[in-house]
Amino acid sequence: MRVTVIAGTEKGAFVCTSDRGRREWEVRGPLFKGWRVTTSGRSPSGRFFLATASQVYGAAIHTGTDLERWSQIERGPAYPDKGERKLNQIWTLTCTPSRLYAGVDTAGLFASDDDGESWQPVVALNDHPTRSKWFPGAGGLCAHAVLVDPARPERVWVGISAVGVWRSDDGGRSWQPKNAGVRCVSEDNEHPDIGYCVHGLAQDPEHTERLYRQDHAGMYRSRDGGDTWQENADGLPSWFGFPIAIDPHTKTIFAFPLESDEYRMPVDGRCRIYRSRDGGDSWEATDRGLPREHYHASVLRGALAVDPLDPAGVYFGSTSGDLFASVDGGDSWQALPCRLPRILSVKAYVEE
């Protein structure tokens, strides 16, 4: 068995591999040296995908099966050449047995039904009647999170900053905003259901109605598929942050709070992952093995991941290039043997 962690950075992708114990790591790279690698994915067929962004060549998806040889997808996500929207980068790739999804900036959703060989726009979301009032967050107008219900693949959630969470119950043919209970950050009088700056989404893989949301305006959870949301920040040092992830076995939730939307730095200069082992009722800091003072790097929305093993491995990368791992649910952490460029994304994969 091999565990692979792919870190996408401002200057390429780095591949970290280990055995099931996840104590000793080998680091290779960079792949696509000098290019921004914004996210990665792996389809059930075994194909890996890397998304790159270049000021010269634009955004693209590359695919391979061995993490050595890559080819560019020729019919990747794209807006019409003569349209007003520009595809600046691919924020997220979500791969399911039935369909692959790509969330992009400028905000939009694309889908592939042929294992990533071609991509089509999800028109009902991309051209939603509220589109003219969509407002960008500080990181741009980006569709950065896609969740798919494993039991009902026609049910899909998408997080768009600074618009909010959307849900489709019919495979993308129609979409409804799902932000009730969340504090609005940019209220629109004509469309009061938008203007919510979601930063990250996570889903309980067994009880799929249970969703968790790190928002610009706080930490929230839903027990009804996003129809309603309630704050669940008790024990967190700050309501602000970006990434959120969940252990599929213990249902432990992980987050990295930042001081505020103004400063966006770790609280008290300490590198601390917070976890909740009771569905968000309470939170506790975990930092054994992490820098405890003079640490001022942040963790971006795509840079926290959990692998599917039991016990699960938890991984996060920082804007200062540090990459950390825990194999005991956050009780202790180790630094992987590398110092990378600014880390944009972290994904974990397991191969038999």
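Predicted model: local features only at pLDDT ≥ 70, side-chain atom pairs only at ≥ 80, totals over all residues.
Is Phe32 buried, exposed or partly exposed, and at what relative accessibility? I started my notebook with that one. Phe32 has 22% relative accessibility, so it counts as partly exposed.

**Entry: the neighbours of Phe32**

Next I looked up the ring partner of Phe32. I found Trp70, with the two ring centres 6.2 Å apart and the planes at 65 degrees, so this pair is edge-to-face. Planes over 60 degrees apart count as edge-to-face. The pair links distant parts of the chain, 38 residues apart. Phe32 sits in the loop between S3 and strand S4 (36-42), while Trp70 sits in the loop between strand S6 (58-64) and strand S7 (71-72). I checked Trp70 for accessibility too, and at 21% it counts as partly exposed. I also noted that Phe32 and Trp70 belong to one aromatic cluster with Trp35 and Tyr57.

**Entry: another aromatic pair**

I then searched the whole structure and got 12 aromatic pairs. Trp25 is in the loop between strand S2 (12-18) and strand S3 (26-31), and Tyr315 is in strand S25 (residues 314-317), so the pair ties together parts that are 290 residues apart in sequence. Both of these residues, Trp25 and Tyr315, are buried.

**Entry: charges over rings**

Which arginine lies over the face of Trp229? I found Arg213 there, at 5.0 Å from the ring centre. For Trp91, I noted Arg301 over the ring face, at 5.2 Å from the centre.

**Entry: a sheet of strands**

I followed an open sheet of 4 strands in the order S16-S17-S18-S19, with antiparallel pairing. Strands S16 (198-203) and S19 (230-231) stand at the edges with a single partner strand each, so one side of each has no neighbour in the sheet. Inside this sheet I looked at S17 (residues 211-215) and S18 (residues 218-222), which are antiparallel and pair over 5 bridges. Here Leu211 stands opposite Ser222 in S18.

Last, I looked up the second largest pocket, and its volume is about 280 Å³. I counted 13 lining residues, and the closest to the pocket centre are Arg36, Ala53, Ser54, Gln55 and Asn88. How many of the lining residues are nonpolar, polar and charged? My tally is 3 nonpolar, 6 polar and 4 charged.

Notes: Residues numbered from 1 in each chain as written. Heavy atoms only, no water. 1 Å grid on protein atoms, 1.4 Å probe; cavity = no way out; pocket = protein on both sides within 12 Å on 5 of 7 lines; lining within 4 Å. Points joined across faces, edges and corners; volume = space filled by probe spheres on them. Nonpolar A, V, L, I, M, F, W, Y, C, P; charged D, E, K, R; others polar. Pairing = 2+ DSSP bridges. Helix = DSSP H or I, 4+ residues; strand = E, 2+ residues; numbered from the N terminus. Phe/Tyr/Trp six-rings, centres within 6.5 Å; stacked < 30°, edge-to-face > 60°. Buried < 20%, exposed > 50% of the residue type's maximum accessible area, 1.4 Å probe, protein only. Lys NZ or Arg CZ within 6 Å of the ring centre and 35° of its normal.
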